[in-house]
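Biologist: Could you walk me through how the helices in this protein pack together?

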Amino acid sequence: MKEHVRPLPNYLVQRFQGWKATTYNENRSWYRRLAEDGQHPRAMVISCCDSRVHVTSIFGADSGEFFLHRNIANLVPPYNPDGDHHGTSAAVEYAVRALKVSHLIVLGHSQCGGVAGCHAMCTGKAPELEEKTSFVGAWLNLLRPGFERVKDLPEAEQVNALEKQAVVISLENLMTFPFVQAALEAGDMTLHGLWHDIGEGGLSQFLPEEGIFEAL
């Protein structure tokens, strides 16, 4: 390990120093209050790892506003208390039970590489993702039910529709968590599904009664 762990690249060091000298210094008391009082975010956002999805910028959020969890294709697995390691489920549990967030948001996006990978895997074009050694493939299997819903659409429309199914499937799986259901039924929390168009800067919300995404 010693020969592989290196000091941070200079460009990142310079960016940190610039942030410390400006943003931090100008808001020093706010950051100290955050440190002393702990976090009290109003919402949890589950989004994709994709570097183009800048959640805090989209909503103009400040430090302490969002409890963020990112993973491949913004997926949530179904409730499965099997004693194994479940990073996403643990984040949801902490947000709902400990932080008591008022809003739980699943945010999908356009040109999602994870969703495209799932589509390729489901159509037999990515055998490497079907290998037992592929962590990505095993994770993307969560989205297979979504592929079944879109596979009869024209091929050119399938990936975009599957991106939105990644949001819907995650919302459905969130409903299998007893503590999520309890918070919803008590009126302490609401669920939201969103899809972000990176190129156009658009945002659409899922309307469950109509089964569609409507632009905001």
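Modeller: α5 passes α8 in a right-handed crossing, meaning that the near helix is turned clockwise from the far one by less than a right angle. Helices here are DSSP runs of H or I with at least four residues, and strands are runs of E with at least two, numbered from the N terminus. This is a predicted model, where local features need pLDDT of at least 70, side-chain atom pairs count only at pLDDT 80 or more, and totals for chains, interfaces and linings use all residues. Residues are numbered from 1 along each chain as its sequence is written, and side-chain values use heavy atoms, leaving out hydrogens and water.

Biologist: How are α5 and α8 oriented to each other?

Modeller: Axes are lines fitted to C-alpha atoms, for helices over the stretch in contact, with angles from 0 to 180 degrees between N-to-C directions. The two axes come within 9 Å and cross at roughly 115 degrees. Angles of 65 to 115 degrees count as roughly perpendicular, so α5 and α8 are roughly perpendicular.

Biologist: Which residues of α5 make the contact?

Modeller: Contact means heavy atoms within 4.5 Å. On the α8 side are Gln158, Val159, Leu162, Glu163 and Ala166, and on the α5 side are Val115, Ala116, Cys118 and His119.

Biologist: In which handedness does α4 pass α9?

Modeller: The axes of α4 and α9 come within 10 Å and cross at roughly 35 degrees. α4 passes α9 in a crossing that is left-handed.

Note on methods: Parallel < 35°, antiparallel > 145°, perpendicular 65-115°, else oblique.
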